[in-house]
Amino acid sequence: MPHAEAMKSNQAGGAAGAAPRRLLAVSFCYPPMASPRAVQVSRLLKHLPLSTVLVCADYAGKDRSDASLVAAAEAPLAACLRVPFARSGLGSLFSRIGHRFDLPLVNKLPDSYRAWKPAALAAYERFARQNAYAPDVLATFGSPMSDHLVGLALKRRLGVPWVAHFSDPWADNRFLGYDALARRLNRRLEARVVREADCLVFTSTETVELMMGKHPPALRSKARVLPHAYDPGAFDGQAAGGGAAPGIVIRYLGNFYGPRTPGPLFRGLRRLLDAEPEVLSGVRFELIGTKGEGQLEAAGIGLLPEGLVVSRPTVKYLESLRLMSSADGLLVADAPAEVSVFLPSKLIDYVGAARPILALSPRGAAAALVRRLGGWVADPSDDAAVAAELKSFVNFLRGRKSDAAPWGDADVRRSLAAPAVAAAFERMLRELPAARSEV
């Protein structure tokens, strides 16, 4: 934590239009958490030319942890307030029971991290008193959506402009498992944030349509779209493509859960094997990440030849980037849907790896991006389309086996690099109204 003198120096540039401005950021997720949200927030803050004080969770060891990410994540910050997340013994027991039996509302208003809010507020207020600190702007990063409840309290106390950043939808996110009552109550919480925040940032236009369509039209003017970003420096020195190695290696890096399963891939492979088995000669698909117990068997891996698809456990983040860069091709696997609003952060890392991409994804954000890059897309509910795109993709990879040149539309790739995305976010901050004069 900086001394008061350092904080005064940081505050010196806070006049309108000057840099750096003082940003107070709230993100439960931050390295050493190895979650996609933690990595994305740290990447954005790293490239912002602002004096940033971050309130995040001290949660190492209770989640997937990657200590190699910490130094780079903390270095750009003026201060990093790591606030422990702890429940009382009774609260912890109640939470476990609620999770096991899927009790209504337990851990669903909006999530299991709401108990972090009082400690986060207390830590910030203690820091502000000790350092005579006052921010120019506030940004909260959900998920978890409890971050935005911290933002509601800080907005009312500080009166500064507030940006609420959503990596995913809230009340209408089908992966969160809300029942009708939980969805109704979360819509009320969501509505409070939408009303109070000065700017609402989403990662795709599809998410804007889903979330803002149920709120008063006048609030739509607050919405902005800012995609996830990749860090070009993280790929420096990475080996590109499979090179002279025999065969074709196609990798999927990420987790399977809920309706997102490898079933569409397995069915497409089986269909292609039945029609043109020679296409898949020497091809290996590697699924790297968490799979539920028995999920691969339920999805039909037993119907495929041994060695065509192999499962590997989750790896550290920097190792995941190496595996992306050294693959011949990369795979996106989304859940079937009429429209998918999700823009997976892992897909953006794929863009940074500059390897050819096949997306088994319905119409929506991910499919549109892969098409803009020049990649291959098939709806996961259409087995024939999946088989056809698999064939086209594999044949393309064979033709460029020795080509290590970056793949993908150069303009699209540049637009998703962290410096460009951070610059767009800073412009959003500078467009915000000034803080209330009485504060």
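Me: Across which strands does helix 9 lie, and at about what angle does it run to strand 9?
Reply: In this predicted model, helix 9 comprises residues 263-275. Helix 9 lies across strand 9, strand 10, strand 11 (329-333) and strand 12 (357-360). Its direction relative to strand 9 is about 170 degrees.

Me: Which strand does the direction of helix 14 make about 165 degrees with?
Reply: Helix 14, residues 383-399, also packs on the sheet. It touches strand 8 (248-253), strand 9, strand 11, strand 12 and strand 13. The angle of about 165 degrees is made with the direction of strand 13.

Me: Which strands stand at the edges of the open sheet?
Reply: The sheet has 6 strands with parallel pairing, in the order 10-9-8-11-12-13.

Me: Which residue is the bridge partner of Ile288 in strand 10?
Reply: Strand 9, residues 283-288, pairs with strand 10 in the parallel sense over 4 bridges. The partner of Ile288 in strand 10 is Arg312.

Me: Are helix 6 and helix 7 oblique or parallel to each other?
Reply: Helix 6 (residues 146-158) and helix 7 (residues 180-196) pack with their axes 10 Å apart, at an angle of about 40 degrees. Angles under 35 degrees count as roughly parallel, and 65 to 115 as roughly perpendicular. Helix 6 and helix 7 are therefore oblique.

How values were computed: Residues are numbered from 1 along each chain as its sequence is written. This is a predicted model: local features need pLDDT of at least 70, side-chain atom pairs count only at pLDDT 80 or more; totals for chains, interfaces and linings use all residues. Side-chain values use heavy atoms; hydrogens and water are left out. Axes are lines fitted to C-alpha atoms, for helices over the stretch in contact, and angles run from 0 to 180 degrees between N-to-C directions. Helices (H or I, at least four residues) and strands (E, at least two) are DSSP runs, numbered from the N terminus. Angles under 35 degrees count as roughly parallel, over 145 as roughly antiparallel, 65 to 115 as roughly perpendicular and the rest as oblique. Two strands pair if DSSP finds at least two bridges between them. Contact means heavy atoms within 4.5 Å.
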